[in-house]
Amino acid sequence: MCWLNPATLSAASTITYVQGNNSDPQASNTSVKVTYTAAQVAGDLNVIAVGWNDSTATVSTVTDTTGNVYTRAVGPTVISGLESQSIYYAKNIAAATAGANSVTVTFSAAAAFPDIRILEYSGADPTNRWM
């Protein structure tokens, strides 16, 4: 039997939405850039949802101007002939002043009508893989 020592347990933090922004250009694009308009806090979590209206293009890279490292969490989910979607995250992000951090999603080919949503959350565990 395993006993937990309450003295070694830390209180769970609450994950809180901080900010978001999006871009959905009404054309085919090989890359889309979206900016966080408010300041970003070191240690927070960025989540990037990427959708596009075709099943042939793929996401090549997700990068930002502060050098955070993005990992694919889900996807790509592909509906043949119609659309695709993937979700990425960067944990323990670097701080950035308002408007200083932009996320760029680059596709393997021009993606039809991409829709990029960027979100920032506080309170997620900055070291564990799964928040």
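**Close-up views**

**View 1. F113 is partly exposed, with a relative accessible area of 38%.** Buried means under 20% relative accessible area, exposed over 50% and partly exposed in between, using a 1.4 Å probe and protein chains only. This is a predicted model, in which local features need pLDDT of at least 70, side-chain atom pairs count only at pLDDT 80 or more, and totals for chains, interfaces and linings use all residues. F113 sits in the loop between strand 7 and strand 8. Its phi is positive, about 50 degrees, although F113 is not a glycine. Most residues other than glycine have a negative phi.

**View 2. N92 also has a positive phi, of about 50 degrees, and is not a glycine.** Look for N92 in the loop between strand 6 and strand 7. N92 is partly exposed, at 44% relative accessibility.

**View 3. The peptide bond from G75 to P76 is cis.** Its omega is near 5 degrees. P76 belongs to strand 5, residues 71-79. Most peptide bonds are trans.

**View 4. Eight strands and zero helices make up the secondary structure of the protein.** Strands (E, at least two residues) and helices (H or I, at least four) are DSSP runs, numbered from the N terminus. Three of the strands form an open sheet in the order 2-7-4, with antiparallel pairing. Two strands pair if DSSP finds at least two bridges between them. Strand 2 (28-35) and strand 4 (59-64) stand at the edges with a single partner strand each, so one side of each has no neighbour in the sheet. Strand 4 pairs with strand 7 (residues 102-112) over five bridges. There, V62 has V105 of strand 7 as its bridge partner.

**View 5. The rings of Y17 and Y121 form one of two aromatic pairs in the whole structure.** Rings of Phe, Tyr and Trp (its six-membered ring) pair if their centres lie within 6.5 Å; planes under 30 degrees apart count as stacked, over 60 as edge-to-face and the rest as tilted. Here the centres are 5.9 Å apart and the planes stand at 70 degrees, so the pair is edge-to-face. Y17 lies in strand 1 (residues 16-23) and Y121 in strand 8 (residues 115-122), so the pair ties together parts 104 residues apart in sequence. Y17 is partly exposed at 47%, and Y121 is partly exposed at 23%.

**View 6. W52 and F107 form an edge-to-face aromatic pair.** Their centres are 5.3 Å apart, with 65 degrees between the planes. W52 is in strand 3 (residues 45-52) and F107 in strand 7, 55 residues apart.

**View 7. The largest nonpolar core has 19 residues.** Such a core is a set of buried Ala, Val, Leu, Ile, Met, Phe, Trp, Tyr and Cys residues joined through side-chain atoms within 4.5 Å. I48, V50, V105, F107 and I116 have the most contacts inside this core. Strand 7 supplies the largest share, four residues. Leaving aside neighbours within four places in sequence, I48 is in contact (heavy atoms within 4.5 Å) with residues including Y36, V62, V105 and I116. Nonpolar side chains tend to be buried together in soluble globular proteins.

How values were computed. Residues are numbered from 1 along each chain as its sequence is written. Side-chain values use heavy atoms; hydrogens and water are left out.
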